[in-house]
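Here is a short report for a reader who is new to this structure. Keep the model in view while reading.

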Amino acid sequence: MQVHFISDLHLTVDRPALTAIFERYLAGPARDAEALYILGDLYEYWAGDDDHEDPLNDSLANQLAALAQNGTRIHFMPGNRDFLIGAEFARRARLDILPEPTLIRLGTQAVLLCHGDSLCTDDTAYQAFRAQVRTQAYQTQFLGQPLVARKQFIAGIRQKSEAAKAGKSAEIMDANSDAIASLLRSHNYPLLIHGHTHRPARHQIEVDGHTCERWVLADWRESEGKAQGEVLVWADGVLSRQPLE
Ligand code: LP5
Ligand code: MN
């Protein structure tokens with residue numbers, strides 16, 4: 001029995017090689033998994049479930065649905081770029097949307113899942129932005145606007161975000177150790193799996209005398225002309241990273 005974890009694919013029509021890796025994964029290795037957890041930022045951005053302009057939105061939903069049809073349960077946790085994925089997409093892709101954080105069990109091990117952005121508490125400008133856009137009122141108001149206006153607005157945010165990031169240190173944009181400790185404490189010291197920071201690693205941390213593991217998922221990327229994905233696989237009680245090409 002396998003359980004798979006992926007995040008930070010940032011899929012867009014502009015990066016067809018990454019999409020191709022994901023499509024091969026869905027039709028191949030993902031079928032060995034009893035469950036697939038997508039821990040956010042599947043898409044580069046999401047403007048609303050009614051956005052059918054980008055062909056990727058519908059085609060990936062169909063391919064996810066085919067995987068579900070074949071017997072893999074698919075769970076999606078919102079990322080900071082695609083938190084507007086809603087019930088309509090979930091229905092089309094045959095997945096369920098998980099609250100953040102979510103506690104699951106792998107064998108006897110309790111495992112806590114989150115996207116990871118909520119742990120970056122030193123990034124106060126981002127946390128203020130996040131608090132605002134994650135309110136129901138803001139999202140309802142936003143989704144009530146025409147798609148073209150929403151896309152324009154998102155383009156503006158993306159520009160501002162890139163400019164803001166250029167002025168932030170690497171430490172500010174990493175997960176904060178007190179935030180990690182407090183999350184683990186409040187869930188009785190589970191193993192933690194998250195993405196977002198693009199710093200794949202396996203950390204061992206001591207919290208209140210408990211040794212906990214924190215697995216950070218890899219982002220999918222194209223560098224030096226080579227596209228590379230990764231899935232974290234739980235099999236026979238062991239977690240391992242498997243490259244996808
Ligand atoms: O994604 P990544 O890793 O590049 O950067 C993130 C933080 N940035 C973001 C913004 C997204 O990347 C782009 C937007 C995606 C689409 C959202 C759709 C919905 C919009 C409206 C919904 C109701 O998340 C970045 C972090 C970085 O992670 C590391 O953790 O630093 O945060 C920023 O850079 C944010 C800036 O510091 C401050 C905000 C600038 C935008 C201001 C917009 C003004 C409008 C206000 C509306 C609330
Ligand atoms: Mn992210």
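## Helices α1 and α2

This is a predicted model. In it, helix α1 covers residues 16-27 and helix α2 covers residues 55-69. Angles under 35 degrees count as roughly parallel. α1 and α2 are therefore roughly parallel to each other. The crossing of α1 past α2 is left-handed.

Which residues make the contact? On the α1 side they are Thr 19, Phe 22, Glu 23 and Leu 26. On the α2 side they are Leu 56, Ser 59, Leu 60, Gln 63, Leu 64 and Leu 67. By class, six residues of this contact are nonpolar, three are polar and one is charged.

## Helices α5 and α6

Helix α5 runs over residues 136-143, and helix α6 over residues 147-166. Their axes come within 9 Å. They cross at roughly 125°.

Tyr 138, Phe 142 and Leu 143 form the α5 side of the contact. Arg 150, Phe 153 and Ile 154 form the α6 side. Five of these residues are nonpolar, none is polar and one is charged.

## Around ligand 1

Which residues come nearest to ligand 1? There are 24 residues around the ligand, and the nearest are Asn 80, Arg 81, Asp 123, Lys 165 and Lys 168.

One belongs to Arg 81 and lies 2.7 Å from an oxygen atom of ligand 1. Another, from Lys 168, lies 2.8 Å from an oxygen atom of the ligand. Ser 161 faces a nitrogen atom instead: a polar atom of its side chain lies 2.9 Å from a nitrogen atom of ligand 1.

## Two loops with backbone features

Start with the loop between β4 (95-97) and β5 (102-106), where Pro 101 is found. Is the peptide bond from Glu 100 to Pro 101 cis or trans? The bond is cis, with omega near -5°.

Next comes the loop between β7 (191-194) and β8 (201-207), which holds His 196. His 196 is not a glycine, yet its phi is positive, at about 75°.

Methods: Residues are numbered from 1 along each chain as its sequence is written. Chains are lettered from A and ligands numbered from 1 in the order in which they are written. This is a predicted model: local features need pLDDT of at least 70, side-chain atom pairs count only at pLDDT 80 or more; totals for chains, interfaces and linings use all residues. Side-chain values use heavy atoms; hydrogens and water are left out. Axes are lines fitted to C-alpha atoms, for helices over the stretch in contact, and angles run from 0 to 180 degrees between N-to-C directions. Helices (H or I, at least four residues) and strands (E, at least two) are DSSP runs, numbered from the N terminus. Angles under 35 degrees count as roughly parallel, over 145 as roughly antiparallel, 65 to 115 as roughly perpendicular and the rest as oblique. A crossing is left-handed if the near helix is turned anticlockwise from the far one by less than a right angle, and right-handed if clockwise. Contact means heavy atoms within 4.5 Å. Ala, Val, Leu, Ile, Met, Phe, Trp, Tyr, Cys and Pro count as nonpolar, Asp, Glu, Lys and Arg as charged, and the others, Gly among them, as polar. A residue is near a molecule or strand if one of its heavy atoms lies within 4 Å of it. A polar contact is a pair of N or O atoms within 3.5 Å; within protein, one must be able to donate a hydrogen and the other to accept it, and residues adjacent in sequence count only if both atoms are side-chain atoms.
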